[in-house]
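The following exercises ask the reader to work through selected features of a structure. Each task is followed by a solution in steps.

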Amino acid sequence: MVARQGELFSSDIPEWELDAASSTLAALIAFSEPPFGPFHYRVPDELTLSLKPGMRVKVPLGKGNREMVGYCLAMEVVPQAASRLKPIAESLDLQPLCTGNLLKLVDWMSQYYLTPIGQVFEAIIPAGVRTQAGTRMKTLLTPAPNVAFDPNRENTGTGTSDSVMNGLPTKQRHVLQQLILACEPLTVEQLQKMSNCSSAPIQALRDRGLIEARSERVMEGEDGFSTHANKLLQPPALTADQRVALVSIREALDSSRHQTLLLHGITGSGKTEVYMQAIEHTLTFGRQSIVLVPEISLTPQTRQRFQDRFGSVAVMHSHMSGPERHHQWRRISEGEAKVVVGARSAVFAPVPQLGLIILDEEHENSFKQNTIPRYHARDVALHRASLERIPLVLGSATPSLETYRRAQLGKYKMLNLPRRIHNRPLPEVSIIDMRHERIDPNRGSLSKPLHEAMKETLRANGQIILMLNRRGFATSIQCPACGHVVSCPDCDLPLTHHHEGNKAVCHYCDYTIATPPSCPQCKFSNVRYTGSGTQRLEIEIAKGFPNSPLARMDADSMKKPGSHERTLSDFRQGKTQILLGTQMIAKGLDFPNVLLVGVINADSALHFPDFRASERTFQLVTQVAGRSGRGEKPGRVFVQTYSPEHPAIELAREHDFLSFAKQELEHREKFHYPPFASIARVIVRGPDAAATEAFANVITQTAEKVRVSQGATDVRFLGPAPPPLAKLKTFYRFHVMFLADEPIVLNRLLARIQADLKTPKDVEYVIDIDPIDML
Ligand code: ADP
Ligand code: ZN
């Protein structure tokens, strides 16, 4: 028995152990909640052949034998003494949810992000897959084996033995004959229909043991899987720059080795076309590709382009229902999708023969997950590609400095697309110094030059994109008489006034009240709404340009599924002439008739207490500027700012990524920030400020001890200190920042701290490795 198991799981069990007749097969089971395990459980005989790593099981846990769902990580032979182990109660999956390299990836994530492995499983396997959404159990009926088919006898025409048949009432005999004739399992409903009877004779046959029933899970309903029926589009001939880039990617694909390539191409240089032709090459040897994009629902155009080219594309986006996700997951794992296009979680798509991973707009922060496990899809993609020995292509017009630095060092291969398609010029960017702009209530947030440019553009029938990176109407509600600011009681931050619904909303926790008509403190009746958001801008523009149809795109106006698609398709068809919104409109859109882009406030991201503030501003301005002049007519860009001499803004005007990167890297090196150091952030929170701070101090004390014992002299830590969001959703917060030259040193130190710490009641902490969010 044990030897047979040994064959099955030969990779997990050393040969010498197989002889030991006195050993037991055990499985290592991890949980997604405390205690996380993993723990050993005995594999009962009936599961020895079917249970595999990556499946979920039900097991008893603790003294009360609480029933828990756990993930099977591995099978191991343990000495007989361990047969006191509790047995696994039940296996929940017929197929592993996760196999091979994906299992290894989960393990790596668990170690790198210092997260219990069960929590990683829980996060990467969509809830719809875990609950088997969109399926139901069906009872299937077959004739019992003793109702054997005997071709030598001719009696009822079914070949069934007379003795069995003849002893039956007519009705039951008829039903049994129908089932035998069907030659395939039938549901109760099907058999009733075929033999035109009620369920009673079927039940009687089951009682006699002449019909057997088994349960099986079947899919039901439609799935969201698109296979394109239309003729697929043919690729265009590549430009010389594109060809050079493609040749390098093809070489990497042909080498059957892992390599990361950075495709640094300015906006509109044809990166997407290079991706598509690389995918085509991957298909020639029967392998699938994953394309990761910041947020697929924001870029229906991208998804359309892949569908038009490849037909069977699986799109994974955040608006999918549980059943849709489950169907897609299955079809992807069956190899039906040639290409999977999706946001960060698509990096876990269970494609069977992965040949290539592409991560577009690799600098985007949305690739980092802000909840457990706090992974960055770029780093996970890198690790997956290296496990699979396949290339990873990172693309951007404004690469992150982390990526750019690695390319400079030769760790990644650098590919360049320095020109736009058809040599179209990049738009001319004008900086407007708002310190010298006269306020004119008729123009609202628009400076005179931007206002004039809008009039000119509309007269020439061009389209306009305006970006204001703040939603709502006014960013603060303040009483001019007593100075009171209407704030969130849970976060201590000013509430944003929303014109729609006349409400005041906390943008950090969604706390909402009706906007007070007078000052809540002194009852003064003329409260002031300061700071502009997209709702105010919309009202201003509608008033100033009443004849130009207008659409607003932000998180508030885009709540309904499908609203992005609708808004963007109206804009593409010219039904709307002005599109305004938050950074949502800065990315990836390709509209040839956009001749003017206006940035209302380029400083919104500039003065954040974050070492990446400059980088973010440079990226945002460059990206939104890149939406202009993509067609035949040249485009213009106006950037309004109170910091016109800031290098991030000056260099964005010049479209000069290289100078920006050089300057910013020097700064980062000087202050020892990434990419010249690895960082981790530990955030502590609790309902009591003093207790929270005290525990934050325990963390730094523990860190100091561990640092000495590990000889990790290059690790520095800063804090504890209150972060910019010192209170959030009623919790007080403190953070400690850890920096080290090498990620592995940091990892070892934090793992030790994590093991040594005893968290008091009412205080929680999280470790954020390679944090993006510093608030
Ligand atoms: P990027 O992803 O770098 O912003 P895109 O791939 O979207 O650029 O290309 C910009 C535009 O140029 C798109 O409309 C695309 O269809 C078109 N395009 C790309 N490559 C070619 C080519 N080789 N010949 C003609 N048009 C192209
Ligand atoms: Zn709040």
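**Exercise 1.** How many bridges join strand β3 to strand β5, and in which sense do these strands run, parallel or antiparallel?

*Solution.* The model is a predicted one.
Step 1. Strand β5 comprises residues 90-91, and two bridges join β3 to β5.
Step 2. The strands β3 and β5 run antiparallel.
Step 3. Across this pairing, K58 stands opposite E90 in β5.

**Exercise 2.** How are helices α6 and α8 oriented to each other, and which residues make their contact?

*Solution.* 
Step 1. Helix α6 covers residues 170-182 and helix α8 covers residues 200-207; their axes come within 9 Å and cross at roughly 80°.
Step 2. Angles of 65 to 115 degrees count as roughly perpendicular. Helices α6 and α8 are therefore roughly perpendicular to each other.
Step 3. From α6, the contact involves K171, Q172, V175 and L176, while α8 contributes P201, I202, A204 and L205.
Step 4. Sorted by class, the contact of α6 with α8 has six nonpolar residues, one polar and one charged.

**Exercise 3.** In what order do the strands of the open six-stranded sheet lie, and which strands form its edges?

*Solution.* 
Step 1. The order of this open sheet is β16-β26-β25-β17-β24-β23, and the pairing is parallel.
Step 2. The edge strands are β16 (428-433) and β23 (550-553), each of which pairs on one side only.
Step 3. Direction ignored, neighbouring strands of the sheet are turned by 15° against each other on average.
Step 4. Within the sheet, β25 (residues 594-599) and β26 (residues 636-641) run parallel and are joined by four bridges. In this pair, G598 stands opposite F638 in β26.
Step 5. Helix α15 (residues 448-459) packs on the sheet and touches β16, β17 (463-467), β24 (578-581), β25 and β26. The direction of α15 makes about 155° with that of β26.

Note on methods: Residues numbered from 1 in each chain as written. Chains lettered and ligands numbered in written order. Predicted model: local features only at pLDDT ≥ 70, side-chain atom pairs only at ≥ 80, totals over all residues. Heavy atoms only, no water. Axes fitted to C-alpha atoms, helices over the stretch in contact; angles between N-to-C directions. Parallel < 35°, antiparallel > 145°, perpendicular 65-115°, else oblique. Contact = heavy atoms within 4.5 Å. Nonpolar A, V, L, I, M, F, W, Y, C, P; charged D, E, K, R; others polar. Pairing = 2+ DSSP bridges.
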